[in-house]
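Please look through the sequence and the model below before reading on.

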Amino acid sequence: MQVSSLNEVKIYSLSCGKSLPEWLSDRKKRALQKKDVDVRRRIELIQDFEMPTVCTTIKVSKDGQYILATGTYKPRVRCYDTYQLSLKFERCLDSEVVTFATLSDDYSKIVFLHNDRYIEFHSQSGFYYKTRIPKFGRDFSYHYPSCDLYFVGASSEVYRLNLEQGRYLNPLQTDAAENNVCDINSVHGLFATGTVEGRVECWDPRTRGRVGLLDCALSSVTADSEINSLPTISALKFNGALTMAVGTSTGQVLLYDLRSDKPLLVKDHQYGLPIKSVHFQDSLDLILSADSRIIKMWNKNSGKIFTSLEPEHDINDVCLYPNSGMLLTANETPKMGIYYIPVLGPAPRWCSFLDNLTEELEENPESTVYDDYKFVTKKDLENLGLTHLIGSPFLRAYMHGFFMDIRLYHKVKLMVNPFAYEEYRKDKIRQKIEETRAQRVQLKKLPKVNKELALKLIEEEEEKQKSTWKKKVKSLPNILTDDRFKVMFENPDFQVDEESEEFRLLNPLVSKISEKRKKKLRLLEQQELREQEEEEEPEGKPSDAESSESSDDEKDWVEEVRKQRRLLQQEEKVKRQEQLREDQQTVLKPQFYEIKAGEEFRSFKDSATKQKLLNKTLEDRLKLEAKNGTLSVADTTVGSKQLTFTLKRSEQQKKQQEAEKLHRQERKTLRRSAGHLKSRHRRGRPFH
């Protein structure tokens, strides 16, 4: 059981208990129930009070014995018997349910409105009858005196189905394009429907005529509200003969007296989400309005917030158990919510033990998820030396880390750092000593970085404080106390380099002044080391003498600047001489250039001309090649350009081509001579 409190109103979440990891088997869960006290003390008010995936609507029968809920997936309805604290029956449906209502005191007569335009009737034994309406329905109400069902939806007409005659009656024609919700006043039977245009139309079922029209969209706009679209009516509820509450799609709830067209009160949820449901609580004059994120309870006379309830998951529907302080919610999660608020009323008689139980409970903070497991990241595992356990049953992957047993974590941490307790003990002792020292005389505590600069700022601050006694001086913020410059006295990267050229030229007299400050720093360090001893006045010159010396130093400003310049010139001269020596000692080595494969190297001149040719534009290169004879451009008969070119050959290719040409000529001459000899032999001529 989880306890929360707002405005000193306790809210007990009966469906929320200690969560168990999903990877645990049923055997381990049963073992945990035996060993773990928190798991054993969980309150399961109604057994299997959940849906497979999502619960869409939830209602209580008029006699209060049965709780009916619809959900997905697959579409189904479940009926729970509160006297038995268990599931009564479950029926699967053909399509998802938009809304439903019980026509009898128990579950024997139920009407379901489906999202595929079908209306389904169920009796005590099960499915009874199914019919269809012309347009998609969004809500319906039952008029008991005439046995008429009024259906509103994606149409300007309100369809009427008479259950006594078993046929449709003439519909009511409204001025709206579509209707979202409807309700019938149980006292005088007035029928009201909420439209998409943000209006509420009221009809008299006896005359089938419209008797009133309320423009709620205009009334919902106030000076404080920010509305980006036209408010439509998303919830409607009557209370008594004259009171009506209207919820809009922009998150406002308007309370009306039927005798006036102006709202008595406008309550904004401040979330900009459509109002899902509105309920009245008569004993404390409260109104319970809910959107998908929060349930607010506020006084209907003053609008003052009584308390609010914000579940972990989005809300689909809210049901207030009659004459009690129990609240049931249908959420975007398999588990349906059960909340008990003792201030609203007593517990129902089937769970009267809650009154005695809540009196004994103490208000505790919200418990963390998985108390028996420790969440560690991969970096934590590396520090503990447990990276080899990744993939084993000891570590369960979850998001960006792992879950491991808290006992294993404590054992490993104790082995890795066995002196953790001693360090913790020393820190506590140090804190106690510092608390006692705070009562003593406070010494100047300088930072670890830029101590001389901090001392200089402290001295300037003291001089300013002395001058303010004589005349009023405009106070400026101190760098030491300013958070913007805090890093300058903490990070060593911001340490002032007094040996740099810029610092020495800008501060030529820093050498003498810094010596005095260094003396002060040594004295302050000695005082910090002797904190437990009595403070002694350090030997040194009085402040008057120091101020006189500082004034003398200012007269020698020019001489000090010249001296620093000479020193800097000498240092530069020494650096140049050292650089010359290093250059003389180094031996220059010849540099070699690597030629790419397939290219010939003639000279650097050829490579330079080739680079110049590559840098030229395409037009210039074409002109140059046309001049050399390697390229020719001619016009064709079609009107386009014809381009012919010859490839450049290297010297090696040319030699090879000439050798092939000579070889072909030699073979040709040999063939001719052989043919001539054969012809002479045939003629009988001798060879010479």
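A residue is called buried when its relative accessible area is under 20%, exposed when that area is over 50%, and partly exposed in between, with a 1.4 Å probe and protein chains only. The model is a predicted one, in which local features need pLDDT of at least 70 and side-chain atom pairs count only at pLDDT 80 or more, while totals for chains, interfaces and linings use all residues. Residues are numbered from 1 along each chain as its sequence is written, and side-chain values use heavy atoms, with hydrogens and water left out.

By that criterion Asp 94 counts as exposed, because its relative accessibility is 62%. Its side chain meets that of Lys 130 in a salt bridge, at 2.9 Å from N to O; the term stands for a side-chain nitrogen of Lys or Arg within 4 Å of a carboxyl oxygen of Asp or Glu. The pair links distant parts of the chain, 36 residues apart, since Asp 94 sits in the loop between S6 and strand S7 (97-102), whereas Lys 130 belongs to strand S10 (residues 127-132). Helices (H or I, at least four residues) and strands (E, at least two) are DSSP runs, numbered from the N terminus. Lys 130, at 27% relative accessibility, counts as partly exposed.

The structure holds 12 salt bridges, and another of them joins Glu 90 to Arg 78, with the closest N and O atoms 3.2 Å apart. Glu 90 lies in strand S6 (residues 86-92) and Arg 78 in strand S5 (residues 76-81), so this pair ties together parts that are 12 residues apart in sequence. Glu 90 is partly exposed at 34% relative accessibility, whereas Arg 78 is buried, with a relative accessible area of 13%.

A further salt bridge connects Arg 407 with Asp 405, the closest N and O atoms being 3.2 Å apart. Here Arg 407 is exposed at 60%, while Asp 405 is partly exposed at 22%. Through shared partners, salt bridges also join Arg 76, Arg 78 and Glu 90 into one network.

Turning to strand pairing, 4 strands form an open antiparallel sheet in the order S11-S12-S13-S14, where two strands pair if DSSP finds at least two bridges between them. Strand S11 (137-143) and strand S14 (167-173) are the edge strands, each pairing on one side only. Within the sheet, strand S12 (residues 148-153) and strand S13 (residues 157-162) pair in the antiparallel sense over 4 bridges, and Leu 149 has Leu 161 in S13 as its bridge partner.
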